[in-house]
Amino acid sequence: MQIKSFEEYKNTYEHSVREPEQFWAGIAENFTWKKKWDKVLEWNFKTPEIKWFLNAKFNITENCIDRHLPAKANDVAFYFEENEDGKPNKAITFQNLHDEVCKLANVLKNFGVNKGDRVCIYLPMVPEAVYSLLACARIGAVHSVVFGGFSAQALQDRINDSSCKVVLTSDGAFRGSKKIPMKATVDEALSACPTIKKVLVLKHTLEKVNMVAVRDHDWETETVTQPPVCEATSMDSEDPLFILYTSGSTGKPKGVVHTCGGYMVFTCYSFLNVFQYQPGQVYWCTADVGWVTGHSYITYGPLLAGATSVLFEGVPNYPDSGRFWKIVDKLKVNVFYTAPTAIRALEAAGLDFVKPYDLSSLKVLGSVGEPINEEAWQWYHKNIGKEKCPIVDTWWQTETGGILISPLANITSTKPGYATLPLPGIQPILVDDKGKEITGNGVEGNLCIKFPWPSIIRTTYGDHERCRQTYFTTYPGLYFTGDGCKRDEDGYYRITGRVDDVINVSGHRIGTAEVESAINECTAVVESAVVGYPHDIKGQGIYAFCIVPKTTKTHEEIRQEILNSVNKIIGPIAKPDKIQIVSGLPKTRSGKIMRRILRKVAEGEIHNLGDISTLLDPLVVEEIVKGKI
Ligand code: WTA
């Protein structure tokens, strides 16, 4: 499955476009199927309806685990590095992984979880999180992982949206020097989740938690008595594998649905080709399992490829900013995949945290989640890769399931800030605002994909029309990514950022509408408008303009109220960095907020606000500019 040269890449790409079905069928031959497909692809971007490997039967966990046994029984699947520095690493072999996944799958079955049922996973980055995803997949249950940084309210909404039956959680999580309650948050969320029948609670931080009789069960007690075998349920290629909620430009987060067959084929293929992973290497992706990167490139992709990975519970700056490099040195990591926000934060901490460590094991570096600025790219290249490691700047989305545009390590020549070229099977196209294709090189436009790939989003849970509206109607006949993009003279792609109302804060997608609605819950605020602005470490920060009528409260009190409200409704990740109290917002005569102006103010471009003559009240702008933070 691995491409070995740029020449081969070009030929493979050309073949994948000319005969996509034959191409992907060839790749799919590398997996274990109980029954092969009758047809490779059926698709229609209008409805949309996309099916890959029709009527094939298999189970993804047999491909992630059983297929590697007994040959790899004693090979390490995961080295677990705890939050606390200095603890010995736990090494989880493929056999251990098999046994733990089967035991947990049996617990789920005893809880009454059947094929197709939804299971919510709300856990820190511990091995049990990976076991949980796989245990669900083993029995055909659909996992819905909710990032541990989301609040009780956000968790409740997600559980209810997909009517989950069971929650898998822990007493708490370690985050640097802090302990974060997890079970208490689950308890609060479950005050209004009628579909939840059982909660399995892992003892981790050993904080005392409240256990509700009948509903709540101790992880260890339940799993320890289970046999380490569990037959893998036969799944259809197009049966759902998981739901992952993600923010868009409007309304509440939507549950992106991925199905079993195409997702398996694409995550494994992209993992092997982008990182050029070689047997025996140690691979480390620092993402959280709560995001799609943790699904595709911590759990499924690497396991499908039989890779050895590092699982890290902690944060980059605890106990100090050398933690990543210390782990690379200790575990002799060969492939390291992280986010630009982490790189910028570690760059700011200084080279004294890098120097003590031997990073000579590194062969390939990766970046994901947001555009990487040239300075961070150069720092990463020089100080971490010692100018010897290619950087794969991987562009993709929750909806794409896997990496679509990226260099292939040591094969595609890189350029700072460029995701470079599409993977085989991926057909990007740039269009102008009217949907007209922009051809040639040295151009810029909205990034769309014109042909399906195996791990493309199938639907948004419970609301197919929303999927159609969001991704397939803006430019009919195309999948619209929501990203702006340049194609340079060499035909290389550079993603410039979102063109919709989505902010990318430290690689986390946050919808402005969501933050606004959380802010508007504050009694002090009558209306708000949220925009992104460039932030040195986070990539983008959140700037909130809030209308607060006359009040006896101080600005600081109002600010706290706003922060508390966002924290409660979404979680700490969505807290605004800047809050400006205003008496009005720039609106058109039809009442639409002109975000373009607010964005300019937030970016500090106050002398270049563009045409404001269509505003209902141009004076508002003057006030806003004066009050800029
Ligand atoms: C952005 C994360 C530039 C982009 C895997 C996309 C990137 C959104 C890159 C998806 C990259 C991701 N260069 N921008 N290499 N990777 N993005 O769903 O705006 O959390 O639309 O998936 O992140 O974020 P998501």
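Trainee: Why is Arg595 called buried?

Mentor: The relative accessible area of Arg595 is 15%, and buried means under 20%, with exposed over 50% and partly exposed in between, using a 1.4 Å probe and protein chains only. Arg595 is therefore classed as buried. Please keep in mind that this is a predicted model, where local features need pLDDT of at least 70, side-chain atom pairs count only at pLDDT 80 or more, and totals for chains, interfaces and linings use all residues. Residues are numbered from 1 along each chain as its sequence is written, and side-chain values use heavy atoms, leaving out hydrogens and water.

Trainee: What makes the pair of Arg595 and Glu516 a polar contact?

Mentor: Their side chains come to 2.9 Å. A polar contact is a pair of N or O atoms within 3.5 Å; within protein, one must be able to donate a hydrogen and the other to accept it, and residues adjacent in sequence count only if both atoms are side-chain atoms. Glu516 is also one of the residues that Arg595 touches, and Asp501, Thr512, Val530 and Val531 are among them too, not counting residues up to four places away in sequence. Contact here means heavy atoms within 4.5 Å.

Trainee: Which helix holds Arg595?

Mentor: Helix H17, residues 595–603. Helices (H or I, at least four residues) and strands (E, at least two) are DSSP runs, numbered from the N terminus.

Trainee: What is the strand order of the open sheet of four strands?

Mentor: The order is E21-E22-E24-E25, with antiparallel pairing. Strand E21 (428–431) and E25 are the edges: each has a single partner strand, so one side of each is left without a neighbour in the sheet.

Trainee: And what makes E5 and E20 edge strands?

Mentor: They belong to an open sheet of seven strands with mixed pairing, in the order E5-E4-E17-E16-E18-E19-E20. Strand E5 (90–93) and strand E20 (391–394) each have a single partner strand, so one side of each lacks a neighbour in the sheet. Inside this sheet, E16 (residues 282–285) and E17 (residues 308–312) pair in the parallel sense over three bridges, with Val282 opposite Thr308 in E17.

Trainee: Which residues come nearest to the ligand?

Mentor: Asp393, Thr394, Thr398, Asp483 and Arg509, out of the 17 residues around the ligand. A residue is near a molecule or strand if one of its heavy atoms lies within 4 Å of it. A polar side-chain atom of Asp393 is 2.7 Å from a nitrogen atom of the ligand, and a polar backbone atom of Thr394 is 2.8 Å from a ligand nitrogen.

Key: Pairing = 2+ DSSP bridges.
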